[in-house]
Amino acid sequence: MQQDIVFTIFLIFTGAAVVSTLALYARQALLVAYILVGVLMGPSVLGLVDDAALIREIAHIGIMFLLFLMGLELNPRDFLQLMRKTTLVTLASSLVFWGVGAGLALGLGYDWVETLLIGAAMIFSSTIIGLKLLPTTVLHHQRIGEIIISVLLLQDFIAIALLLMLEGSADREHPVIEFAKLALALPLMVAGAGLFVRFVLLRLLRTFDRFHEYIFLVAIGWCLGMAEIAAWLGISHEAVSYTHLTLPTTI
């Protein structure tokens, strides 16, 4: 039987609030509390949340909004300046981890395509977990927080390229053409979004900035609208979650 979405959200938020309180008293990261709530509510323990598809959709929306909020704190100019300092470190570390992962996969008997994919999977850190483990004061108000965000975002851009390659290769007949379409759609979407922000969205927000409810609705609509446009263009929601990070900072 399909689980009630309102009841599921109630369990998640109420359970997270209770366990997070205990975690803070124990001086533990909130991420630990979130994982513990999932274990307790899941089918392995209490079994209160057992609709995996529903939870996956809720988590997907939550990730999009988390990345959107992170973009509000990151100035594109600052990010470009940080890229000059972190590109070499990110690429070097990515190559090292790719080599280790690919070497292990090759030693276990995987073919060369699977070896490349396993090595690529070893490159990336979890942006969400990395950000949630950092204190807010470090993440937004210290230089080390900006550098960590820069490294994670550079890894995400590499992930975008790999996602586009994988989605393009799904077309067995014309994989190169399909990849070219996706690779072209992404920058066009980003450019179009930037123009819309500059000439339409900013003017609307400046005109109606005293209506906080309107600003809230526009922000939600912008985030979800970009995700739907990406899906319509054939780009995954995950990819657009990364690409629109820096766009809302101009608002």
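A residue is called buried when its relative accessible area is under 20%, exposed when that area is over 50%, and partly exposed in between, as computed with a 1.4 Å probe and with protein chains only. By this scale I123, at 11% relative accessibility, counts as buried. The structure is a predicted model, in which local features need pLDDT of at least 70 and side-chain atom pairs count only at pLDDT 80 or more, while totals for chains, interfaces and linings use all residues. Residues are numbered from 1 along each chain as its sequence is written, and side-chain values use heavy atoms, with hydrogens and water left out.

**Surroundings of I123**

- I123 sits in the loop between α5 (112–121) and α6 (127–133), where helices (H or I, at least four residues) are DSSP runs numbered from the N terminus.
- Apart from neighbours within four places in sequence, I123 is in contact with S94, F97, W98 and Q155, contact meaning heavy atoms within 4.5 Å.
- S94 is 29 residues away from I123 along the chain, yet their C-alpha atoms are separated by 5.0 Å.

**Helix α10**

- Helix α10 (residues 212–233) has 22 residues that, at 1.5 Å a residue, should span 32 Å, and its end C-alpha atoms are 32 Å apart, which agrees; the expected span is 1.5 Å times one less than the number of residues.
- The buried residues of α10 are V218, W222, C223, M226, A227 and A230.
- Seen down the axis of α10, these buried residues fall within an arc of 160°, so they line one face of the helix; the arc is taken from the directions from the helix axis to the C-beta atoms.
- The face turned away from that buried side carries the exposed residues E213, F216, L217, E228 and W232.

**Nonpolar surface patch**

- I35, L36, V39, L40, V45, L46 and L48 form a nonpolar patch on the surface, with about 590 Å² of accessible area together.
- Accessible areas come from the Shrake-Rupley method with a 1.4 Å probe.
- I35 lies in helix α2 and counts as exposed at 53% relative accessibility, whereas L46 is found in the loop between α2 (30–41) and α3 (52–72) and counts as exposed at 55%.

**Backbone at R27**

- Most residues other than glycine have a negative phi.
- R27, in the loop between α1 (5–25) and α2, has a positive phi of about 60° although it is not a glycine.

Conventions:
Helix = DSSP H or I, 4+ residues; strand = E, 2+ residues; numbered from the N terminus. Patch = residues over 30% accessible without salt bridge, like charges linked within 9 Å, V, L, I, M, F, W, Y side chains within 5 Å. Salt bridge = Lys/Arg side-chain N within 4 Å of Asp/Glu carboxyl O.
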